[in-house]
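Me: I would like to go through this protein with you. Could you explain the terms as we meet them?
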Amino acid sequence: MTAQLCPDCGRSDCPSLLIRHTMTRRSVLRAAGVGAFGAATAFVLAACTSGGGSASTSSASAGAVKAGTGTATMAIFGSIGPCLMPNLTNNGNARAVTQCFGSSLLAYDEKMDFIPSLASKYTVSSDGTQYTFDLRKGVKWSDGTPFTADDIEAAITAMTDPQTTTNWITYVSPIAGTSDRKAGKSATIGYKKVDDTTFTVTLSAPNASFLDLFGTQFQPLPAHIVSKIAPTDLNTGTFAQAPNVTIGPFYMTSRSGDDDMEMARNPHFWGGTVGLAKLVVKSMTETNGVTAILAGEVDVIPAESVAEIAPSDVETLSSNSAIKVVKYQNSTCQTLYMNEHTLFSDKRVRQAVIYALDRKGMIKTVLDGDGIVADSVYPPFSKYYDAKVITKYTQNVKKAKQLLSDAGWDASKTVNFIVPTGDTTVTQASVIIQQQLKTIGMNVQIQQVDNNTAISRANQQHNFDLTILANVGVNNLDVSRRFSTAAWKTGVNSGGYSNPQLDQLMAQAVTKSAFSDQKPLTDQIQQLISQEVPTVMLWYRDSIAAVDTAKVTNVVPQRGGAWLQAAKWGSA
């Protein structure tokens, strides 16, 4: 008798053949609410996926992936930086690369519902504070070592060690004791290993975003490797720079400097056959990337890296019949950060900056109109967005000048504006910002640096007055990583904005499971942020990806990044 194969992954043992039930995000949130159920609720995840973060079944529906001998080259715009340790990177481009060789506990399907990845099942307690995860059995790291619950603990321990740095602490911060440990305090982490394939985490309070973050973004680390690495080397050591033991479809084989690298197929990949024999990643500018894919030197330009394809290049790329250009809605926000520890502690000065800028005109000039003004921390397509509660700023130079005058601004001060290279839309916008701030009496001096340096100066050193960076969106209600007081050290609150009222609102919002209970709090959150202007949110823009279909197959640009399905890519 011929074994039945899953149409999505080509495996005969896929759980989706046994149970056709996918747990929706909405029902998970209901279950996580206090008193939502009288007893603990178990969720069996039954659809399949071949990687972490997000999954799409459409690309593999034609049949099973076949192991080929081909190589694909992917371009990342901007610097990647030295650290490629999952969860411990401080660079969005590095995080994208880690998702080529990592896996998460859960993933999203095309409807943004949860499906299994490394976890096959989880149970939520009746009060929403305890999650028990059952891990897939038989999973191995690329060196053949079995994957166990110890690898989950190793990753949590590494992230929360006070000697490591990470911008992604919100993946684990809902777990009891993690924030205290990261702050250097003596704390017991709410983690318990039940057996090799089962573990439990206990939260400080119910958290509606927990599965979105810990479930789909957090990645395990090989305990048999990282347990031998000193905490001070977890960000900078040899393994951190070139992880050659991984759990995803590829593992690192070589790296040239901080940016260019080569990966090989993981022979032990749990998600089934990996189509490509090798994946090469190259860092370059947007202009060079467009030139390279047209010349056949690059096969894939994924969206949702730190810099993306400029809208002005879409027509040029589309003129090549082999190149498929894909645009889709995304929640990444281009943001102007103002350092409150240098020149921008006064709200009137921050408001003057936003009144000075013609963001709509900027979108027309640098994005060919392909974007929308970011009036709220929640994008307009988010269910939490409410235009009635926010302040919509339009350019008003007279008002901006008056606010600066009221604040006693010293026009002789030099404003140091750190601008990352690699994205032509950002470098163009920075010049416009400089010119428009000059009209209200600000002497802004631009200093261009590579992307990794810009992120380090913003998030670790806090050595800037202004800087412009993209906030890669995770589409949920929790915005504490960007605006909480704690996120100045453990997130991307680069300007150091601190507001106890906002901290409290954000902490309360994630404890609510029902949208009707979340909405009054998210209304207050976006209203307060729009009034206080801790950052100038410039625009939301569609993500743009390009694929050379004559050279590579099964590449599906999607929310979360095309690289999430790299296991399915093949040579044409």
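Reply: Axes are lines fitted to C-alpha atoms, for helices over the stretch in contact, and angles run from 0 to 180 degrees between N-to-C directions. Helices (H or I, at least four residues) and strands (E, at least two) are DSSP runs, numbered from the N terminus. This is a predicted model, in which local features need pLDDT of at least 70, side-chain atom pairs count only at pLDDT 80 or more, and totals for chains, interfaces and linings use all residues. Residues are numbered from 1 along each chain as its sequence is written, and side-chain values use heavy atoms, with hydrogens and water left out.

Me: Which strands does α11 lie across?
Reply: Helix α11 lies across β15 and β19, and runs at about 40° to β19.

Me: What is the strand order in the open sheet of six strands?
Reply: The order is β15-β19-β14-β18-β16-β17, with mixed pairing. Two strands pair if DSSP finds at least two bridges between them. The edge strands are β15 and β17 (443–449), each of which pairs on one side only. On average, neighbouring strands of this sheet are turned by 25° against each other, direction ignored.

Me: How many bridges link β16 and β18?
Reply: Two bridges link β16 (residues 414–420) with β18 (residues 466–471), in the parallel sense. Ile418 has Thr467 in β18 as its bridge partner.

Me: Now to the loops. Where is Asp368?
Reply: Asp368 lies in the loop between α11 (359–366) and β15 (371–373). Although Asp368 is not a glycine, its phi is positive, about 55°.

Me: And Val533, is that residue buried or exposed?
Reply: Val533 counts as buried because its relative accessibility is 2%. Buried means under 20% relative accessible area, exposed over 50%, and partly exposed in between (1.4 Å probe, protein chains only). Asp368, at 48% relative accessibility, therefore counts as partly exposed. Val533 is found in the loop between α18 (515–532) and β19 (535–541), and has a positive phi of about 50° although it is not a glycine.

Me: Let us change topic to β8. How many of its residues are buried?
Reply: Four of the five residues in β8 (residues 198–202) are buried, so that the strand is mostly covered.

Me: What joins β7 to β8?
Reply: A hairpin joins β7 to β8 through two residues. Four bridges also join β7 (residues 191–195) to β8, and these strands run antiparallel; Lys193 stands opposite Phe199 in β8.

Me: How many bridges join β6 to β8?
Reply: Five bridges join β6 (residues 130–135) to β8, and the two run antiparallel. Gln130 stands opposite Thr202 in β8.

Definitions and conventions: Contact = heavy atoms within 4.5 Å.
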